[in-house]
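Please consult the sequence and the structure shown below while reading.

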Amino acid sequence: MRLLVLGGTRFLGRHVATAALERGHEVATFTRGLSGQPPEGVRALHGDRDDPAALPKALDGWRPELVVDTSCQTRVAADNAAAALDDLSGYAFVSSLNAYSGWPPGPIGREDDEPTWDTTDDEYGPNKAYAERTLAAAFGNRFLTARAGLIIGPYDPIYRLGWWLDRISRGGRVVVPDALDQPMAMVDARDLAAWLVEMAEQGRSGGVNATGPAGMTTFEGVLDLCRDVTGSDAEWVPVLEEELLAADVQPWVHLPFWLPAEDASTAWDVDTTRARELGLPGRPLRNSIADTWARQQASDGPDVPPGRELPGLPPEVEDQLLAAR
């Protein structure tokens with residue numbers, strides 16, 4: 001079938017395009033064309049999703065039957081997609097757990113039991129919820145919204161897992177939060193991508209919490225795997241939350257994946273029953289981390305989007321914290 005990826009040249013979208021090709025589809029991507037290239041064999045279409053004329057002009061008569069949308073960030077982008085696309089057999093939309101008005105801190109139960117944002121605020125979560133409603137109204141029972149959580153894997157431009165891999169690979173004493181038992185859940189971008197293509201093929205509908213199962217690992221479990229796959233001699237040096245905050249260490253930013261205690265115990269307590277029923281796979285976490293490390297070693301450095309600040313603990317701050325111990 002003809003499958004359009006809205007996005008498709010960087011991380012999840014790149015894996016979607018690859019999965020669609022492997023399943024025999026004729027694939028096109030629609031991006032601004034400012035960074036990245038789609039996989040070989042994919043038709044590259046360019047334009048700004050916020051311009052209502054851009055997508056119809058780029059399609060130029062090429063009519064997709066399936067859509068996987070990985071790039072919708074604004075309300076107008078959702079409006080434009082709803083207006084420009086029709087006669088679809090399936091539309092799989094990548095939303096976020098942030099679409100829920102109660103997340104974080106969670107927990108999040110079955111999809112139909114949890115309220116989503118319904119405000120005019122121009123923020124990530126409310127914008128995703130608006131896009132869900134707009135696209136669902138346009139495509140009805142052919143529209144599935146995948147509320148994704150933490151996505152990892154090769155080509156990840158966000159560099160959260162990547163920073164930990166790079167830091168741990170250097171070995172020695174490593175500052176970590178005194179929250180190593182924090183539950184975590186992750187999904188590999190390749191698993192999510194192939195599943196999104198399949199959901200579009202099947203014309204599935206409704207909301208799905210598309211992340212790893214609750215309790216699949218802990219913060220310490222992730223760090224230990226990073227140490228194993230890099231062959232490092234790193235030694236964890238736990239630091240209390242109040243000391244980290246006093247040193248102006250920002251949760252999630254300076255120490256990726258670290259959440260404040262008030263959020264940590266419930267943020268990844270997300271019901272993924274429907275995702276499992278619909279066949280969302282989950283490869284071993286070790287494989288995801290090892291493949292991410294292999295990709296990093298083969299690259300020239302973090303593939304972070306232009307203008308996005310790199311995460312990670314500044315070395316001088318880590319040195320100060322270690323010197324006190």
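This is a predicted model: local features need pLDDT of at least 70, side-chain atom pairs count only at pLDDT 80 or more; totals for chains, interfaces and linings use all residues.

Which residue with a positive phi follows H5? Gly-171 follows H5, and its phi is near 75 degrees.

**Nonpolar cores**

- The largest nonpolar core comprises 48 residues. Within this core, the residues with the most contacts are Trp-164, Val-222, Phe-257, Trp-268 and Ile-289.
- Two or more residues of this core come from each of helix H5 (160–169), strand E8 (173–177), helix H7 (219–230), strand E13 (235–239), helix H11 (285–298) and helix H12 (315–323).
- H7 gives the most to this core, namely 6 residues.

**Helix H5 and Trp-164**

- Because 7 of its 10 residues are buried, H5 is largely enclosed by the rest of the structure.
- The buried residues of H5 are Leu-161, Gly-162, Trp-163, Trp-164, Leu-165, Arg-167 and Ile-168.
- The cover over these buried residues includes strand E7 (151–152), E8, H7, E13, H11 and H12.
- Neighbours within four places in sequence aside, Trp-164 is in contact with Val-174, Val-175 and Val-176, as well as with Phe-219, Leu-223, Cys-226, Leu-255, Pro-256 and Phe-257.

**Cis peptide bonds**

- A cis peptide bond leads from Trp-103 to Pro-104, with omega near -15 degrees. Pro-104 lies in the loop between strand E5 (90–96) and helix H4 (124–139).
- The peptide bond from Gly-106 to Pro-107 is also cis, with omega near 0 degrees. Pro-107, too, is placed in the loop between E5 and H4.

**Positive phi in residues other than glycine**

- Asp-87 is not a glycine, yet its phi is positive, at about 55 degrees. This residue is found in the loop between helix H3 (75–84) and E5.
- Asp-87 counts as exposed because its relative accessibility of 61% is over the 50% cut-off.
- Trp-252, likewise a residue other than glycine, has a positive phi near 75 degrees. The loop between helix H8 (241–246) and helix H9 (261–264) contains Trp-252.

Technical notes
Residues are numbered from 1 along each chain as its sequence is written. Side-chain values use heavy atoms; hydrogens and water are left out. A nonpolar core is a set of buried Ala, Val, Leu, Ile, Met, Phe, Trp, Tyr and Cys residues joined through side-chain atoms within 4.5 Å. Buried means under 20% relative accessible area, exposed over 50%, partly exposed in between (1.4 Å probe, protein chains only). Helices (H or I, at least four residues) and strands (E, at least two) are DSSP runs, numbered from the N terminus. Contact means heavy atoms within 4.5 Å.
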